[in-house]
Amino acid sequence: MENVIRTVKIKLDVPTERCDDLHQTKTQFLHCANTTAEWAWKHPNDYCITSKQKAENALYNQLRNETELTANLVQKGIRRAIEATKSGLARLKKGDKTSQPHFDAWSVVYDKRSATFHRDHVSLSTVNGRVECDYVIPYDAKGTPIGDYLLNEDYEFRMSTLQYDRSTDSFYLHARMRQLENDKKSTTTSSNTKHRTVLGVDLNVDGSLAVTSTGAFIGNADEMNHRRREFEKTRGSMQQTGTRSAHLSIQSMNDREHRWMQDELHRASNQILDEARDHGCTHIAFENLTGIRDRMAGAKRFHAWAFRRLYQYVEYKAEVFGIEVEQVSPAYTSQRCSSCGFTHESNRRSKHQFVCQKCEYELNADYNASKNVARKLLKRLHSGQTSSSGGAPCQCALKSGTLNLNGDYTASVNATAEGESTDKPTTSVVGY
């Protein structure tokens, strides 16, 4: 396994008299980022400036004079803005509407030059010298990210982010931990050389957030949409008020909404991992998320963000268990019959109902799509396009068993009649 990175959120015990130093550091750090973003965005002929070196050459001396930050924090503020500008440029080139990046969320980026990381405390650079903050470590950290990574000598500290939670008046360090080179363990086991079992995942803007090829309906996209609309409605009424109190309430609401969304996505990612592990899967297949707002009816920027974040959560969690996570082309996954292979747009009778016009195979449309997503990765593995395939047998994990590319179905020991009716092909089709 290469470059194993884990992020651990740890609460800091900040001396009361030094809290204001951290708040001022944040304000000046964001000033560097916003000044850089404004400068980089003013070059329409070149779209915008995305060279970190050009930005530092143009702005470093100015920002050093305008702030009390150390050289490293000024550079980090500049680089944060350039990264955001690069993302904006990519959207512009695709024809999407976007605007100049603006930074107002409470955060400061630290690396080993602006912070000294220890196992029980951290020393942070501020506008008023260094401040040492103890970690608030639970009595029993075993089995938690703090115990597994932060306190684990096999992991080293990397660039981390300091954040502040207004609702609890607390500072948190989001410490990025990297596994040391000489302690890395191979995630390729002997069982992986014997088989390749793929779990397919279909993502949705309504109904269930995710549906797997094993028949698990995970998350509630409708509830997420409802909660999102409620947040937007409340924010809109507060913005009309225009008072400072309303502005602070909106910021607090944004933090609360973000935490709620992250919790929902973490739960969904854990359920996907549980399905993969329970069915002995070596791979998890998602459809390619690029341009998903253009392809999926009703998808908004919020959904694109949620899908990407869910994929990222599954990807880094799966790494621990040696499960590979990949994306495949979404073409025709919603139109193809996962039983006989007949592909036609009329097969999708309604948003959530699939009825094959050829073999009359009927099942939930999202479940059908998830099996087709798995099949796409199976074909790639079988053809050797994935370096780890090694010519091993490939199969798709289903509700009641497995199915290979030749259409050979194997029922699990606890398969039900209902499960077999939705998994077993109605016809034997080579190439599945």
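Helices (H or I, at least four residues) and strands (E, at least two) are here DSSP runs, numbered from the N terminus.

**Figure 1. Overview of the predicted model.** The structure shown is a predicted model. Its secondary structure consists of 10 helices and 19 strands. Of the 432 residues in the protein, 45% are buried. The accessible surface amounts to about 21800 Å², and carbon and sulfur atoms account for 45% of that area. When contacts between residues at least 6 apart in sequence are considered, 64% of them join residues at least 24 apart. The count of salt bridges in the protein is 14, and several of these are presented in the views that follow.

Figure 2. Glu 83 is partly exposed, with a relative accessible area of 36%. Lys 86 is likewise partly exposed, and its relative accessible area is 35%.

**Figure 3. A salt bridge between two loops, formed by Asp 206 and Lys 351.** The side chains of Asp 206 and Lys 351 meet at 2.8 Å, N to O. Asp 206 lies in the loop between strand 9 (196-203) and strand 10 (210-212), while Lys 351 lies in the loop between strand 14 (348-350) and strand 15 (353-355), so the pair ties together parts that are 145 residues apart in sequence. Is Asp 206 buried or exposed? Its relative accessibility is 18%, and Asp 206 therefore counts as buried, because the term applies to residues under 20%.

Figure 4. The closest N and O atoms of Asp 366 and Arg 348 are 3.6 Å apart. Asp 366 counts as buried, at 3% relative accessibility, whereas Arg 348 is partly exposed, with a relative accessible area of 27%.

**Figure 5. A salt-bridge network and the surroundings of Lys 112.** Salt bridges that share partners join Lys 112, Glu 156, Arg 158 and Arg 178 into one network. Where in the chain is Lys 112 placed? Lys 112 occupies the loop between strand 2 (107-110) and strand 3 (115-117). Its relative accessible area is 48%, which makes Lys 112 partly exposed. Leaving aside residues up to four places away in sequence, Lys 112 touches Phe 117, Glu 156 and Phe 157. The view also includes Ser 160, which is 48 residues from Lys 112 along the chain. The C-alpha atoms of Lys 112 and Ser 160 are separated by 9.0 Å.

Figure 6. With a relative accessible area of 44%, Asp 134 is partly exposed.

How values were computed. Residues are numbered from 1 along each chain as its sequence is written. This is a predicted model: local features need pLDDT of at least 70, side-chain atom pairs count only at pLDDT 80 or more; totals for chains, interfaces and linings use all residues. Side-chain values use heavy atoms; hydrogens and water are left out. Buried means under 20% relative accessible area, exposed over 50%, partly exposed in between (1.4 Å probe, protein chains only). Contact means heavy atoms within 4.5 Å. Accessible areas come from the Shrake-Rupley method with a 1.4 Å probe; for residues, only the protein chains shown count as cover. A salt bridge is a side-chain nitrogen of Lys or Arg within 4 Å of a carboxyl oxygen of Asp or Glu.
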